[in-house]
Amino acid sequence: MTDRARVRPAFWQGKRVLLTGHTGFKGSWLSLWLQSLGAQLRGVALAPPTSPSLFDEAHVSAGMEHRIADIRDSAAVQSQLQEFQPEILIHMAAQSLVRRSYQQPIETYATNVMGTVHVLEAARQSGSVRAIVNITTDKCYENDGRTTGYREDEPMGGHDPYSSSKGCAELLSSAWRRSFLVDAGIAMATARAGNVIGGGDWATDRLVPDILRALESGQPVAIRNPDAVRPWQHVLEPLSAYLVLAQHLFERGQTFAEGWNFGPSDDDARPVQWLVERLCKAWGSDARWNLQPGQHPHEAGYLRLDISKARQRLQWAPRWDLETALIHIAKWHRAWRQGEDVRAVCINQISEYQATA
């Protein structure tokens, strides 16, 4: 792995970084990583979405500027960027749950589409931003049921409101880039990843949190679709990609201002049942699972990403296979249950990941 493919502490030291969605699961992990790198970090988000939350348990706000604001409020977003004057913007705030998008479609589109418009327009008018990493999802593609990986040049789409809203976010990002951001000297890329797993995720209707809640309570794990295949990856995998991509955008500009897939190796696109059984084994209990009865909203049966572009042009590649990821998740949750310093546990896992060649 070359130096350009690594997260470089010297690059991030002192950089002014604004991160939207910093109170969420992925945002909390990324906030801790940026803090450990020495960035000057401001987070803009709603309050943590769960209780408990990684944001609170790891005292994430202790090492950054923490601001509560809603990206659906254009004036609030403008104010945060004008006041902080960031050099790099990482846009992660979103309504990110498929099942919730069926229940709250208007909220989903307002956040994921118009919220993204507000963030990009505020960045354009800030006068300070040079690079933007806009996080969308692996579900932004029009899913045709194939078993091969989707490539970055394939059509956007989405059956459910969440996936569709993220496809829309990709389209509007392309329009903003070509209409406004290039002329403003801002390099923006979209990053497509998903199905991330890791310690500290307490979201509802997400597989690993649901499994861990069942394991902790001694109840069977209820599974909706055991045969569904997803590109599972530890949360630190896409976060490392976002940081590497931001480095390239900041230093080399429009050359990297496009869409990028970040996912696991092909072997780690696994069925839900495989993941449940391995996590139960890593947990070390006699846990069992059963099929959840009833009708459930449509979710894609198969999803895989082609990451060859990231391997070739960014020289980025996943480091932890799925077995390793599950071991780290089990370790994290055991440490949390035993009352250990969660912030230190996260920083240690980040250090372990960085040390992995």
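Let's start with strand β4 (residues 88-91): Ile88 and Ile90 point one way, Leu89 and His91 point the other way, and all are buried. Buried here means under 20% relative accessible area, while exposed is over 50% and partly exposed is in between (1.4 Å probe, protein chains only). In a regular strand, side chains alternate between the two faces of the sheet. Strands (E, at least two residues) and helices (H or I, at least four residues) are DSSP runs, numbered from the N terminus.

This is a predicted model, where local features need pLDDT of at least 70, side-chain atom pairs count only at pLDDT 80 or more, and totals for chains, interfaces and linings use all residues. Residues are numbered from 1 along each chain as its sequence is written, and side-chain values use heavy atoms, with hydrogens and water left out.

**The sheet around β4**

What does β4 pair with? Strand β1 (residues 16-20) pairs with β4 in the parallel sense over 4 bridges, and β4 also pairs with strand β5 (residues 131-135) in the parallel sense over 4 bridges. Two strands pair if DSSP finds at least two bridges between them. Here are some of the facing residues:

| Residue | Partner |
|---|---|
| Thr20 | His91 in β4 |
| Ile90 | Val133 in β5 |

Zooming out, there is an open sheet of 7 strands with parallel pairing, in the order β3-β2-β1-β4-β5-β6-β11. At the edges sit β3 (65-68) and β11 (259-261), each pairing on one side only. From one strand to the next, the twist averages 20°. Angles run from 0 to 180 degrees between N-to-C directions, and axes are lines fitted to C-alpha atoms, for helices over the stretch in contact.

Some helices pack on this sheet. Helix α4 (residues 74-84) touches β1, β2 (40-45) and β3, and its direction makes about 170° with that of β2. Helix α7 (residues 161-181) touches β5 and β6 (187-192), with its direction at about 165° to that of β6. Contact means heavy atoms within 4.5 Å.

**A helix pair and a buried threonine**

How do α12 and α13 pack? Helix α12 (residues 322-337) and helix α13 (residues 342-355) pack at an angle of about 160°, with their axes 10 Å apart. The two are therefore roughly antiparallel to each other; that label goes to angles over 145 degrees, with under 35 roughly parallel, 65 to 115 roughly perpendicular and the rest oblique. His328, Lys331, Trp332, Ala335 and Trp336 in α12 meet Val342, Val345, Cys346, Gln349 and Glu352 in α13.

Over in helix α6 (residues 105-126) you'll find Thr108. Is Thr108 buried or exposed? At 0% relative accessibility, Thr108 counts as buried. Leaving aside neighbours within four places in sequence, Thr108 is in contact with Gln95, Ser101, Val113, Pro161, Tyr162 and Ser165.

Most residues other than glycine have a negative phi, and most peptide bonds are trans. The peptide bond from Ser51 to Pro52, though, is cis, with omega near 5°. Pro52 lies in the loop between β2 and α3 (54-57).

His59 has a positive phi, near 50°, and sits in the loop between α3 and β3. With 52% relative accessibility, His59 counts as exposed. Gln85 also has a positive phi, near 55°; its place is the loop between α4 and β4. Gln85 is partly exposed, with a relative accessible area of 29%.
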